[in-house]
Each structure stands twice: as structure tokens, then as C-alpha cells.
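This briefing is for a reader meeting the structure for the first time. Please look at the sequence and the model, then read the points below.

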Amino acid sequence: MTRNGAVVEGVDFERWAVVLCKPDAVQRGLVDEVLARIAAAGVTVTERRDVTAEAWQAHVVYRNLLSDTGRALPDLPAYLDAAYAGQGVTVALAHGERGVHARLRQLIGHTDPTCAVPGTIRGDLGTDSIATARKERRLVRNLVHTSDDPDAARREFGTWYGPGRTLRVSDFDRCSVILCKPDAVQRGLVDEVLARIAAAGVTVTVTNRIGLTAEAWQVHVHYWDLLVDADWFPDRDIPACLDEMYAGQGVAVALAHGEPGMHARLRQLLGHFDPTRAAPGTIRGDLGDDSLEAALAEKRLVRNLVHTSDDPEAARLDFGTWYGASRGGLLLSPAVTVPPASPAHCSCGPLNPPTPGGSMPTDLPVTASAAIRRRPLPVLTVQQQATLEPGLADPIEYRKSGLSLNHVIGCPLDCGYCIRHVFSNFEMKVPRALMGDEEAVRRLVSHRFFRPHTTPIQLFNRATDPMLPAVKQHTFNTLRLLDEQGLTNHVLVITRWRVAPEDCAVLNSLRHLRLTVLVTHSGIDHHGIEPVDSNIAATSLRTLYEHAENYRTVLYWRPIVPGLNDSDEHIARARELSEDAHATVFTGLFFREQIAQYYEDHGLPTPYDDTARRKIMPEIAERRILEAFHRPDNSEAPYGALFRKTSCGVAYAWGKPDYNGHYGIRELCDICPVAQLNLCKKAWVKPDPDEVTREARALGAIGDVEVNDRAIVVEGLDEPPRYYLQHGFGYQCHDRAKPHLYRQHGRARIGWPAGDGTA
């Protein structure tokens, strides 16, 4: 794609417009709101720039007015110079269907804000009038301008984006063509197929979806490999089978944008080409109704709904085959892709039906607001939820680091050690909601164990990643709903996925919550165990740390497994990354029976001979880590901001005492900074035994209730009420039947030479 002056070759400006937020929009702080409204109308907003306007730029943009011999304002040149020259403006690009220019003018409203109808940008936000402007001998202040037509868009792109500037075009490592086959069209499954792909963290560009009647040549080019290797199928006439299935039949194609490696991820999401062999949770496994056996018997091709490009080269060929050689502008990788606000905005209709209880805010920065305005995830039906493990179907669970809210489940990242194995939903790759965000927050704050300003909260830490593109909108909205209640509770968000500066802007907009983002970094090189490139987490960590204002960032170095990520190089890398975090927490592997079974089924190296209910963190691995982090010249923080316990790292990052009362377990504290030790010591108060006994009995405790110098010890209480006591008193609470041994607090005995931890 090349430019020549104001001309951009190969870009369809019937689909592109330049949005100019005028000086009055900038001065009134309305730029985010204006761009958010445009994005919410189903138009992609990208390439935002803040510019100090020069006189010539205003002259070019308004050249039609200046050259109009019958213009009503003889002093227009002077008015333009006064309004624009040296003033701050914001420009952005808008991408949509043909006719986008007329749609945008309709959305913006009448030139005179007093004549603009309610619901338009000028009608709702404008405060000026033409009558007032004429009296004051100036231009009317009406907030925003967009290109009148394709020629104006071409001219204004050159005006504001400058010589040599080109539109960003996806490389085919990041782009795939989705072909919804005739059987998907005939069965009415195109929307569902595309929705599942979009929910898996891939941007499906709605405006680039087209329905067409397939021609024979397109099918031959698309499936050239089948034709060339037809001798592998001696029982079938492959050319005839292809023509019969496709030629003259309706298909739907769409573009998917993602990260390098997306082609393999999409194939995994589609499932085995034979629907009867495709795993549950895949598109073909859930929606397919044909089989290879039936196709062979009938001497035809199997009907399996959908195809995506096999690799970058295939994506290039597929694009040319289905979209044509003249539509390169469609390859722009959207910065923000927003589904239409209603079916009327797009002839193809919405990808997902509206979901009750999923309202989204409008007062965030445009990049965040546009992301949040993605259509909420579909809510699983009552029948679907009934098939889930009971622990997974309940969105609230009390864990040691807080009440855990998990009303979104499903994740495509496939980490071999993921706790999702325990809930039997590892094969659920597409995130889905159990309920809307508002209902989830209502249940959380009304939970019998929730204390405002006290109970720590964890968000989406059990069954998905909170920063996946399809999940992130719910993460942000849930945080907003909690923050608006003025709550100051600790909130922990754990991610290994991508975090961008615009995400940080959303997190910084929170005013009350003590939000900590813990970035999981394992550094494990075995792709079957850790399929997610650890460099993604490293980049997110740096981004979060650089932009942190109203939140904190913790390096969550886990799971540490001997022989996989405990080499000198791995430890040195972790120490390097710790410089880009407010604190670092290291911990071992939850090697439960379900995870061990997954390792065995997939031929993965088994790290331990036995499983355990607590994390396995061998003594020798801990010793090597502490030696590497030790700073003998720093008497105030001899190990830096390194912690064994999550709550200790979180509390340190906020300058608060540990809310789990770990100060009572002194052997945990030998690596803590001196100032933090003093803070925890001051806050750690041994509770009154009678008061503890009364509360424990009310929760169902039996037998003796003991309060010793390390912890409260009870019988007959499972984890939730014990954690309730622990967070309420700021004092450890243990189960007498499951004691924590010296130096092995919260850890399995595996890897410790002496069973009591004294070695």
C-alpha cells in the first residue's frame, strides 16, 4: 500500500472516514465521549492522534467552503485561522461499511447544535448555536467533523496523517480467512460459529463478513491440495465432490485478526475434521452432525461447518480467493472492533444475542470504552449450567486470598498445570458467562462471608484469564461496579495474557479499590505444559508497572518445577523481571490427581511421583532462589521485595500489613523487608479466645477452639469459614486435622527431606 501526496493507493475510502474532534471538544474534555459514541455505532475507531492544527490544514479540510463564491461568511478565512491555527485537535480514523460517511453525518447531527436532534453527538453534547456565533463573529463550536465523502476522506487523511504515513495492514501471520461452509449456512449456524471464534480471543471483523455464492474456481483454488492429492482418495471423485458441495451454494466468509500462531489456535478450536471425533467444546464437536463414515459411504466430502486458513501463506491465498485482489484495505488489523449496536447497523446481523445484565459504562477512555462495548458473552442456559461441576457452577468461592468471583468460565490457553483440570472444564475453550456482571457483583457483596473494606476479592482466577479479549470487558465492568460502591477491599486479578497501555488507563480510572494485577510468569519452555509464550507475560508486566498509578503490579512467578524452570538462567530471568514489579511472589505446583492424569494422558514429563492437595515447592528449589535474590549489602531489604505468600506480596505493594496474619508464622518472614515486618508486627494482635470461640461456634466449629502464638486452631470447619475468621481477625486460622508444619506453611511435604520441615 503506497501513498502519493494525499492519495493512498489500494484503500477503499468508501469505507474510511477521518474524524476531526475540534478545539472545543478538546477544551471541554469530550474527545473520549465523542469517539466512544462513534465506536458504539458499529464503526471501528483507530489511529487516534492529538495534533496542534496549522492554518493550512484547516484551509484544506474546509476548501469547499472557502472556494464557494456564494459563501455566507466573507471573513471565513480569518474565522478558520482563529478557530484552528495553533489549537489542539484530535483526529482518528473510522472504518465501516460502504456509506459510512452518511451514517457518521447522521450520528453527528445538524451543524447548529440547537437544531440537532437528541441522540446525536451535537444534539446531546453541543452548547453553542449559529446565532450566538454570528453575533460574536466566529465559527459555531459544534465539536466534531467527519469526512463528507470518499474524496474528502482521501484528502483529509493526507492532511492530518502527513506525507509517507500509511494505514496499518495486517501481515498474514496475524490474519486468517474464515470460511463458513454451505452446511453451516443451510443450518443457520454462521452466527454461532463466528461468535465462538470471537469469544476465543480472536477479533472477527463483522464489517468484513460477506455472504456469497461460491464459484467453482474459488473452490478449486481454495482446496487445491485436495485436487493435487486426489489419488489419496481412490474411492471418490474429488473434483466432482467439491463442485457438488460448493459450486453455486451459499457460503459466508469473514476475517479474523489475532496474534502470530493464531492459525494453529483456530484449528484447535474447530476440532477434528470428522465431527464424531472432535472433542466437546470445539465447534465441530458441539455443532457437527455429520461423520466421515457417512461421507465415505455416500462417496462425498464430510460436512463439518467451517474452515480457517492453515497458515500465513494459505491466509494470503484464501484472502485473494474470497475477497478479491482489490480489497487490501480490509486487511487493517482493527485497534478496536465493536459489534453493531443493533442489527440495523449491519446487514449481517449481530454475532451474539444481547445478554441481560451486561450493561457497560460509557465514561471510560475511548480505547477502554470501545473494548467494553463489545457484546457481552452469552450466558449459559440453566440446562447447560446444570451439566457443570457444582463447584464451577457456583460463581463465588472463598479461597485463602479472598472471596473468588468467577462468573465467566472457559479459556483457550491450554496451560497444562491449570486448576481448570480440577473442575472438569479444561476442554471448554470458549469463554461463557454464568450470569451478568451486575448480578455477579450483587451476589458477591451480599455473600454471608463478605465484609466491606475487609474481605479480599479475587476476580476470574479459577476458570478463565481475565485479560482475554472476550473476557476483559467483564473484568473492567466488574471492577467498575465494585469501585462505584466506594469499596476499598483488596482485589486480585491474575493474568498471563496481554495488557496494553489503554487497559492500564482503565485500571487507573478506579478510585477506591486496592487493585493488584498479578502477572503469572513461569518461563517453562515445554510447549505441552506451558503453551503460552512467557514473553507475553513479561511484556505485560513491564507495561503494567510503567503505567501504574491507582493499582499495583506483582510478578507471580509460578509454578516453579524442578527440571523445568529452576535453572540458573530461569532464576536470573525472574530476578530481572522483578525489577518491573512492586513485589514478587514465588510458589510451586498444584499437582492434583486430575493434573497428573492430564500429564500422563498427553505424554508430559511427570515432575513428581505423587500428588498433593497443597502446592509442591521443594526445599532445594527455594534455597537456590533465595541465594540468587539475596542482597547482603541491603540490610533493610536483604531479599528485595520477594515473598513466599501472595497476600504478603500484595500487602507490601500497597504499604499495608498482611491481611492473612502470616506474621504469626515467623519462618515465612525471614526474607521480608524490615519496614514491612514492623508494619505487620504492629497490626498483628492475638485475638481474644472467647470472642474467637463465639464466632467459630456460630460458624459450626466443634471441639476445642485454640488461639496460640501462631494461629487459631479449629475443628469441623471447612475452608470458607476458616478464611472468614482469618480475614476478620487478621490472624491465621488452621484446621487441627490438617496441620501446617514448620517451614512448610501451605506446602506439601514432597521435596522436604525431613517430614516436619526442620531439615
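In this predicted model, residues 325-373 keep a pLDDT under 50, where pLDDT is the predictor's confidence in each residue, from 0 to 100. The model has 135 contacts for this stretch beyond four places in sequence, a contact meaning heavy atoms within 4.5 Å. Residues are numbered from 1 along each chain as its sequence is written, and side-chain values use heavy atoms, with hydrogens and water left out. Local features need pLDDT of at least 70 and side-chain atom pairs count only at pLDDT 80 or more, while totals for chains, interfaces and linings use all residues.

**Confidence**
- The chain has an average pLDDT of 83, and 87% of its residues score at least 70.
- Residues 1-10 have a pLDDT below 50, and this stretch has 28 contacts in the model beyond near neighbours in sequence.

**The four-stranded sheet**
- An open sheet is formed by four strands in the order E4-E5-E3-E6, with antiparallel pairing; helices (H or I, at least four residues) and strands (E, at least two) are DSSP runs, numbered from the N terminus.
- Strand E4 (44-52) and strand E6 (144-146) are the edge strands, each pairing on one side only; two strands pair if DSSP finds at least two bridges between them.
- On average, neighbouring strands of this sheet are turned by 20 degrees against each other, direction ignored; axes are lines fitted to C-alpha atoms, for helices over the stretch in contact, and angles run from 0 to 180 degrees between N-to-C directions.
- E4 and strand E5 (residues 88-95) run antiparallel and are joined by seven bridges.
- Thr-52 stands opposite Gly-88 in E5.
- Helix H9 (residues 150-161) packs on the sheet and touches strand E3 (16-21), E4, E5 and E6. The direction of H9 makes about 50 degrees with that of E3.

**Backbone details**
- Leu-305 is found in the loop between H17 and E10, and has a positive phi of about 80 degrees although it is not a glycine.
- Leu-305 counts as buried at 0% relative accessibility; buried means under 20% relative accessible area, exposed over 50%, partly exposed in between (1.4 Å probe, protein chains only).
- The peptide bond from Arg-558 to Pro-559 is cis, with omega near -15 degrees.
- Pro-559 is found in the loop between strand E18 (551-557) and helix H26 (568-577).

**Cysteines**
- The count of disulfides is zero, a disulfide being a pair of cysteine sulfur atoms within 2.5 Å.
- Cys-411 is in no disulfide, and the nearest cysteine sulfur, that of Cys-418, is 6.4 Å away.
- Cys-411 is buried, with a relative accessible area of 6%.
- Cys-504 counts as buried at 0% relative accessibility.
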